[in-house]
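Reader: I would like to go through this model term by term, setting each value against its definition. Could we begin with the pocket?

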Amino acid sequence: MTDRDEHDRYEAGIVTDFSKRMSYSSYLSLDRLLDAQHPVSDPEHHDELLFIIQHQTTELWFKLVLHELTDACRLLRDDQLQPALKRIARVKHIQRTLTEQWSVLATLTPTEYSQFRGSLGNSSGFQSWQYRAVEFALGNKDERLLTVFADDPDARALLADLLERPSLYDEFLRNLHRSGFVVPASVLERDVTKPYRFDESLMPVIREIYRHAEDNWSQYEACEELVDLEENFQLWRFRHLRTVQRTIGMKTGTGGSSGVPFLQKALSITFFPELFEVRTQIGAPA
């Protein structure tokens with residue numbers, strides 16, 4: 001290729017002078033973003049940058065997940081079910097990215113991680129307030145967790161606000177009620193600051209939706225979208241567990257948790273229990 005050919009690759013209309021224009025870098029604040037990685041190991045270990053970027057990108061995706069879930073709740077309150085499902089669909093794609101991202105961290109061997117793990121002190125993913133916010137938005141609430149963020153007033157305030165708000169599932173069930181479905185008062189009037197628990201009295205409504213899907217297609221679709229959301233979350237949790245086990249085995253976590261056993265407990269948590277119980281009941285012998 002000649003110099004002339006190389007020059008001709010650039011179209012005449014392409015903007016190259018950004019002295020008075022907003023550029024790609026300025027729009028994305030790349031100077032701040034790319035200067036936000038500060039390894040603490042001394043001497044700096046090569047693989048610590050991977051560890052930092054893995055968790056920073058996860059937090060960025062969590063920020064978008066919260067953005068979408070918050071708006072999905074608003075749309076459900078306004079009885080705009082289909083736009084709410086669009087928000088949930090986007091979250092599902094983000095979840096797949098988050099799950100696949102563990103494969104990058106899994107390239108960190110136990111030997112490599114052990115050479116800078118001690119420099120992390122007590123910092124731990126357990127302390128991610130955005131992760132807790134996502135769980136609160138999905139209904140897995142625990143007021144005791146607010147104490148973890150006592151030294152971060154903004155994070156604590158956001159979690160305290162989410163604690164008091166109806167979860168995504170609460171908003172969906174209230175939407176069902178306003179759409180004419182007989183949702184029991186025990187569900188509609190529950191204490192939303194507590195984690196959602198299975199309620200047998202809700203099962204007739206859920207069975208009706210699934211048994212007559214053709215007559216309740218929007219609600220049926222919404223239930224299946226929520227099932228997808230939970231399944232993706234569990235896949236992310238499992239991939240997290242396996243990556244931790246692959247990297248540190250059965251050691252305790254840097255934040256003081258039991259490590260792998262602690263993560264295993266999370267696999268039993270369900271956000272939308274009736275949507276899974278209906279699978280047992282549909283088609284079962286009377």
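Author: About 270 Å³ of space lies in the second largest pocket, a volume being the space filled by probe spheres set on grid points joined across faces, edges and corners. This is a predicted model, in which local features need pLDDT of at least 70 and side-chain atom pairs count only at pLDDT 80 or more, while totals for chains, interfaces and linings use all residues. Residues are numbered from 1 along each chain as its sequence is written, and side-chain values use heavy atoms, without hydrogens and water.

Reader: What makes a set of points a pocket and not a cavity?

Author: On a 1 Å grid over the protein atoms alone, a cavity is a set of points where a 1.4 Å probe fits but cannot get out, whereas a pocket is an open set with protein on both sides within 12 Å along at least five of seven lines, and lining residues have an atom within 4 Å of a point. Here 18 residues line the second largest pocket, with Leu66, Thr70, Ala137, Leu162 and Arg165 nearest its centre. Helix 4 gives the most to this lining, 6 residues.

Reader: How do you know that the span of helix 12 agrees with its number of residues?

Author: The expected span is 1.5 Å times one less than the number of residues; for the 32 residues of helix 12 that is 46 Å, and because the end C-alpha atoms are 46 Å apart, the two agree. Helices are DSSP runs (H or I, at least four residues), numbered from the N terminus. Gly249, with a positive phi near 65°, follows helix 12.

Reader: Which residues outside its sequence neighbourhood is Phe172 in contact with?

Author: Leaving aside neighbours within four places in sequence, Phe172 is in contact (heavy atoms within 4.5 Å) with Leu76, Leu81, Gln219, Ala222, Cys223 and Leu226.

Definitions and conventions:
Helix = DSSP H or I, 4+ residues; strand = E, 2+ residues; numbered from the N terminus.
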